[in-house]
Structures are given as structure tokens and as C-alpha cells.
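Please read the following account with the sequence and the model side by side, moving from the annotated span to the strands, the core and the aromatic rings.

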Amino acid sequence: MPDFHLSAQDIRVEGHTLKARLDNGEGGQNDAELDLNTIIGNNDGSFVWSDEGFARTAEEIHFTIEGGDNVPILRAQLRNSGGDLQQADINLAERIGNDHGKFVFE
């Protein structure tokens, strides 16, 4: 059920919150939000799933839709264990889905 972006409009990230209008399966759309900071962490300067708190060590958090498949990518500068900033990215469609107009993390 990942690939939320295939059934979403107006996808954006504000701060560390993913927001979009998601198809609800009944012909309508729901406004949905998901705090990415509760499901994504930072492991030595790289994003990791099933962790939390990446935003505490992040700078320049931004979101883009990329490529012909319109892949939703979160990018940021994350601090590694030495305190240096490293460019990191993560494909949000890998683990985030749409369940009848609500974001779900899988």
C-alpha cells in the first residue's frame, strides 16, 4: 500500500509534517497530515525508517517531486556522529501509503 503519491494532490512538507489531499476511495479527497519526525530518524547522517527525531539534527529540510514517476523525495542536511552535515535523501513512497484518505506508515 505504499506509493501514497499516486492518489494524492497538493503534496508538500511543512517543517517536518507531510501534508496532502488524499483520495478516499469514495470519489472524494481528505486533507491528511503525517509528522515525519515520528517515523524517520538520523543514523550517522543518513535518513532511516522506523526511528524518530531526524529534525533535531537536520538543516535545510526540503521536499521535491522528482523524475518521470513523480517520486516524493525528502532531502536535508543531517549531522553525522562527528557533527558534520551530510546531504541525505529518502523516498517517502517506499513506506508511506494512503488508506482511504489517511496516511499510513508501513
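The paragraphs below lead through this structure one region at a time.

This is a predicted model, in which local features need pLDDT of at least 70 and side-chain atom pairs count only at pLDDT 80 or more, while totals for chains, interfaces and linings use all residues. Residues are numbered from 1 along each chain as its sequence is written, and side-chain values use heavy atoms, with hydrogens and water left out.

Helices (H or I, at least four residues) and strands (E, at least two) are DSSP runs, numbered from the N terminus.

The strand pairing can be followed in two places. Strands E2 and E3 pair in the antiparallel sense over seven bridges, where two strands are said to pair if DSSP finds at least two bridges between them. Within this pairing, Leu22 has Asn30 in E3 as its bridge partner. The two strands form a hairpin with five residues between them, and Gly25 in the turn has a positive phi of about 80°. Elsewhere, three strands make up an open sheet in the order E6-E7-E8, with antiparallel pairing. Its edge strands are E6 and E8, each of which pairs on one side only, and the twist averages 20° from one strand to the next, with axes taken as lines fitted to C-alpha atoms (for helices over the stretch in contact) and angles running from 0 to 180 degrees between N-to-C directions. E6 and E7 pair in the antiparallel sense over seven bridges, and in this pairing Phe63 stands opposite Leu74 in E7.

In soluble globular proteins, nonpolar side chains tend to be buried together. A nonpolar core is here a set of buried Ala, Val, Leu, Ile, Met, Phe, Trp, Tyr and Cys residues joined through side-chain atoms within 4.5 Å; buried means under 20% relative accessible area, exposed over 50%, and partly exposed in between, with a 1.4 Å probe and protein chains only. The largest such core has 25 residues, of which Leu18, Leu36, Ile40, Leu92 and Ile96 touch the most other members. At least two residues of this core come from each of strands E1 (8-14), E2 (17-23), E3 (29-35), E5 (46-49), E6 (58-66), E7 (71-79) and E8 (85-91). Which residues is Leu36 in contact with, leaving aside its neighbours within four places in sequence? They are Val13, His16, Thr17, Leu18, Phe54, Leu74, Leu92 and Ile96, where contact means heavy atoms within 4.5 Å.

The structure also holds three aromatic pairs. The rings of Phe4 and Phe103 have their centres 5.4 Å apart and their planes at 75°, so this pair is edge-to-face. Rings of Phe, Tyr and Trp (its six-membered ring) pair if their centres lie within 6.5 Å, and planes under 30 degrees apart count as stacked, over 60 as edge-to-face and the rest as tilted. This pair links distant parts of the chain, with Phe4 in the segment before E1 and Phe103 in strand E10, 99 residues apart. Phe4 counts as buried because its relative accessibility is 0%, and Phe103 is buried with a relative accessible area of 11%. Another edge-to-face pair is formed by Phe47 and Phe54, at 5.4 Å centre to centre and 70° between the planes, and both Phe47 and Phe54 are buried.

Other residues also bring separated parts of the chain into view. Val104, found in strand E10, is partly exposed with a relative accessible area of 21%, and its C-alpha atom is separated by 8.7 Å from that of Phe4, 100 residues apart along the chain. Leu6, in the segment before E1, is exposed, with a relative accessible area of 64%, and the C-alpha atoms of Leu6 and Ala93, 87 residues apart along the chain, are separated by 9.1 Å.

Finally, the backbone angles of two residues deserve a look. Asp10, which lies in strand E1, has a positive phi of about 55° although it is not a glycine, and it counts as partly exposed because its relative accessibility is 42%. His100, in the loop between strand E9 (96-98) and strand E10 (103-105), has a phi near 55°, a positive value in a residue other than glycine, and at 59% relative accessibility His100 counts as exposed.
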